[in-house]
Amino acid sequence: MSLRDRLSALIAAGGPISVAQYMTACLHDPDFGYYAMRPAIGETGDFITAPMVSQMFGELIGVWAAASWELMGRPAELRLIELGPGDGTLMGDILKTVRHAEGFLEAADVWLVETSPPLRALQADGLGERVRWAASLAEVPGGAPTILIANELLDCLPARQFVRTAIGWSEQVVGLDADGELAFGLTSTPAGALLPDAQPGQVFEQSAPQAALGAQLGARIAADGGAALLIDYGRAEPGFGDTLQALRRHEKVDPLDRPGEADLTVHADFPAVMAAARAEGVDAAILTQADFLARMGIGARAEALVRASPGRTGRIGRQLTRLIAADEMGELFKVCAIHSPGWTPPAFED
Ligand SMILES: C[S@@+](CC[C@H](N)C(=O)[O-])C[C@H]1O[C@@H](n2cnc3c(N)ncnc32)[C@H](O)[C@@H]1O
């Protein structure tokens, strides 16, 4: 039995499933899901993330967290939370950096929200005693201000896809073709969801879990104060497009090929996340990754690293390019801050 067999049997019995249901099964099925069974992050795995490109990324987020804590009035109790911490590299670099802010680590109660058992084990190896784990944000106690970081978490939260046809919107679903293979198709009945005007052929993605996370962060920060920093590839303005992508061994592969054996993502829908957060009474703002890192001082940090290790000049230059160049991660990746009203987190000042 494989996940493909299980999904085929499910579809044969109950009809096609939504793209969101397909993503959830591929990523989180307890027996066959990618994150449940075989997450492979890093050079030798399926994909690489910014904290693995360079220590500069996590260090500057650590500086952002410490400076946010100062601007919040140095609360004596703080929940420092990371959602979807991967192999723990980002939190490791954050913790190394914030220890330079006197009093921060004494105030911080550090939580990792992780659903993947193998990644939890990896995080425990790297971060040890300093952190605690939760399976969902709701499990992390409130009652103190929050500083929350999530890099490449929104893109794992599933989306439904709708396609505008000549007669209206239809939902894109995963069914079986004449040979019994998994295949995309469109529902024959019009989609009931409230969708924007569009031209025939355009694809609209809607992620209820992404919007729900925006609302959850908004409610938490409205109640307890603080800020969340969400970093991901995605759109800063509402828009159209099929962004479902599967990565295996750093190559794009067919999302229907070998379900559960590739990382499957959609673009973050930042406008929806920010709207859901604002509806809870908090503020939200967005920058490109290039602008965020430039404002946080990545140029000066790169120069300092080069001065300390002149032999690594070329390598540090390549890392900098990867993080901020417009044709690499600099423009596609966005950094969104959700924060309590009355102050502006570092880098987001006008
Ligand atoms: C693409 S990895 C990003 C890892 C890390 N943030 C980094 O930058 O290297 C996605 C992470 O989110 C976790 N994850 C996926 N879905 C999740 C969910 N619904 N709740 C919490 N964590 C989730 C995965 O297990 C993994 O740790």
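Biologist: Is the crossing of helix 5 and helix 6 left-handed or right-handed?

Modeller: This is a predicted model, in which local features need pLDDT of at least 70 and side-chain atom pairs count only at pLDDT 80 or more, while totals for chains, interfaces and linings use all residues. Residues are numbered from 1 along each chain as its sequence is written. A crossing is called left-handed if the near helix is turned anticlockwise from the far one by less than a right angle, and right-handed if clockwise. By that rule, the crossing of helix 5 and helix 6 is right-handed.

Biologist: Is helix 5 parallel or oblique to helix 6?

Modeller: Angles run from 0 to 180 degrees between N-to-C directions, with axes fitted as lines to C-alpha atoms over the stretch in contact; under 35 degrees is roughly parallel, over 145 roughly antiparallel, 65 to 115 roughly perpendicular, and the rest oblique. Helix 5 (residues 55–71) and helix 6 (residues 89–98) pack at about 55°, their axes 7 Å apart. Relative to helix 6, helix 5 is therefore oblique.

Biologist: Which residues come nearest to the ligand?

Modeller: A residue counts as near when its C-beta atom, placed from the backbone, lies within 6 Å of the molecule. Of the 19 residues around the ligand, the nearest are Thr49, Gly84, Gly86, Ser116 and Asn151.

Biologist: What are the dimensions of the box that the C-alpha atoms fill?

Modeller: The box is taken along the principal axes of the protein chain. Its dimensions are roughly 65 × 45 × 35 Å.

Methods
Helices (H or I, at least four residues) and strands (E, at least two) are DSSP runs, numbered from the N terminus.
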